[in-house]
Amino acid sequence: MPAVIFPGPEGRLEGRFSPPPRPRAPVAMILHPHPSAGGTMNNAIVQALYQTFVRRGFATLRFNFRGVGKSQGTFDNGVGELSDAASALDWVQSFHHEAQTTWVAGVSFGAWIGMQLLMRRPEIRGFISIAPPANMYDFTFLAPCPSSGIIIQGEADEVATPAATQKLVDKLRTQRHITIHHDTIPKANHFFEHEMPQLMGSVDRYLDMRLDPKSTIK
């Protein structure tokens with residue numbers, strides 16, 4: 001898991017990158033929770049997602065948003081962080097432009113950033129959004145949502161409330177040409193502290209289904 005430093009809009013960004021194991025390997029980028037709440041690329045869920053995609057043969061990047069760790073700049077309430085994510089994807093594509101497909105996975109604040117990135121980057125064909133804070137941020141930009149994915153929620157999440165997440169899921173499911181999966185993890189709070197196996201089991205089942213050559217979801 002080599003440490004990398006790459007250019008961002010406000011200076012250098014710090015990441016960990018697992019290079020493509022083969023030509024045309026797909027790309028996955030993992031986005032961390034809110035910096036002001038202690039979110040970094042070393043968050044336990046971010047690391048677990050990273051390891052999952054590496055194990056499945058993706059060129060995989062996790063990185064710190066501006067002002068976190070060794071990344072330069074200061075927190076920008078999501079605007080600059082979206083630019084950071086776009087720059088990070090540009091960096092991967094600069095030397096791995098033959099990737100067949102791209103995925104984005106985000107946790108909480110990172111899920112909000114990741115779903116905004118979907119709207120900008122048509123090459124993203126799948127997403128994993130864990131505990132998206134639909135009660136705290138505006139998700140109406142997903143009109144229409146351009147790709148299929150899964151939204152995973154903790155049943156006892158006191159930060160990103162299940163009711164707000166369900167409303168987002170219901171809205172996305174009215175859109176044509178995409179398929180939105182939704183899992184609720186029993187007893188889990190916003191951090192999935194005691195339910196990591198169940199959370200990652202949900203992720204793995206979804207990726208098994210989506211990455212199967214016979215999958216009808218493109």
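Let's start at F63. Setting aside neighbours within four places in sequence, F63 is in contact with F6, L13, E14, G15, M29, I30, L31, H32, M41, D84, A85 and A88. Keep that list in mind, because it leads into the rest of the talk. One caution before we go on: this is a predicted model.

What does F63 belong to? The largest nonpolar core has 36 residues, and F63 is among those with the most contacts inside it, together with M29 and L61. Which elements build this core? At least two residues each come from β1, β2, β3, β4, α2, α3, β6 and α4. On the helix side, α2 covers 79-95, α3 covers 109-120 and α4 covers 162-172. The largest share comes from α2, with seven residues. As a general point, nonpolar side chains in soluble globular proteins tend to be buried together.

How many strands form it, and in what order? Eight strands form an open sheet, in the order β1-β2-β4-β3-β5-β6-β7-β8. The pairing is mixed. Which strands stand at the edges? They are β1 and β8, the latter at 180-185. Each has a single partner strand, so one side of each is left without a neighbour in the sheet. From one strand to the next, the twist averages 20°.

Strand β1 takes residues 3-8, and six bridges join it to β2. The two run antiparallel. A hairpin of two residues makes the link from β1 to β2. Look at F6: opposite it, in β2, stands L13. Both F6 and L13 were on the contact list of F63.

Next, β2 to β4. Strand β4 is residues 59-63, and four bridges tie it to β2. This pair is antiparallel too. Here we meet F63 again: it is the bridge partner of G15.

How do β7 and β8 run? They run parallel, with six bridges between them. Within this pair, I150 stands opposite H181 of β8. Helix α4 packs on the sheet here, touching both β7 and β8. The direction of α4 makes about 165° with that of β7.

On to a pair of helices. Helix α1 is residues 44-55, and helix α5 is residues 196-211. Their axes come within 11 Å and cross at roughly 35°. The crossing is right-handed. Which residues make the contact? By class, that gives ten nonpolar, one polar and two charged residues.

First, P144. This proline sits between β6 (124-130) and β7 (148-154). The peptide bond from A143 to P144 is cis, with omega near -5°.

Then S147, found in that β6 to β7 loop. Is S147 buried or exposed? It is buried, because its relative accessible area is 1%, and the cut-off for buried is under 20%. Not counting residues up to four places away in sequence, S147 touches L118, I124, R125, G126, F127, I178 and I180. Now compare S147 with V159, twelve residues apart along the chain: their C-alpha atoms are separated by 26 Å.

Two residues have a positive phi without being glycine. One is A131, with phi near 50°. A131 is found in the loop between β6 and β7. The other is R24, with phi near 65°. R24 is placed in the loop between β2 (11-18) and β3 (27-31). Buried or partly exposed, which is it for each? A131 is buried, at a relative accessible area of 0%. R24 is partly exposed, at 45%.

To close, back to the start.

Key: Residues numbered from 1 in each chain as written. Predicted model: local features only at pLDDT ≥ 70, side-chain atom pairs only at ≥ 80, totals over all residues. Heavy atoms only, no water. Buried < 20%, exposed > 50% of the residue type's maximum accessible area, 1.4 Å probe, protein only. Pairing = 2+ DSSP bridges. Core = buried A, V, L, I, M, F, W, Y, C linked by side-chain atoms within 4.5 Å. Contact = heavy atoms within 4.5 Å. Axes fitted to C-alpha atoms, helices over the stretch in contact; angles between N-to-C directions. Left-handed = near helix turned anticlockwise from the far one by under 90°. Nonpolar A, V, L, I, M, F, W, Y, C, P; charged D, E, K, R; others polar.
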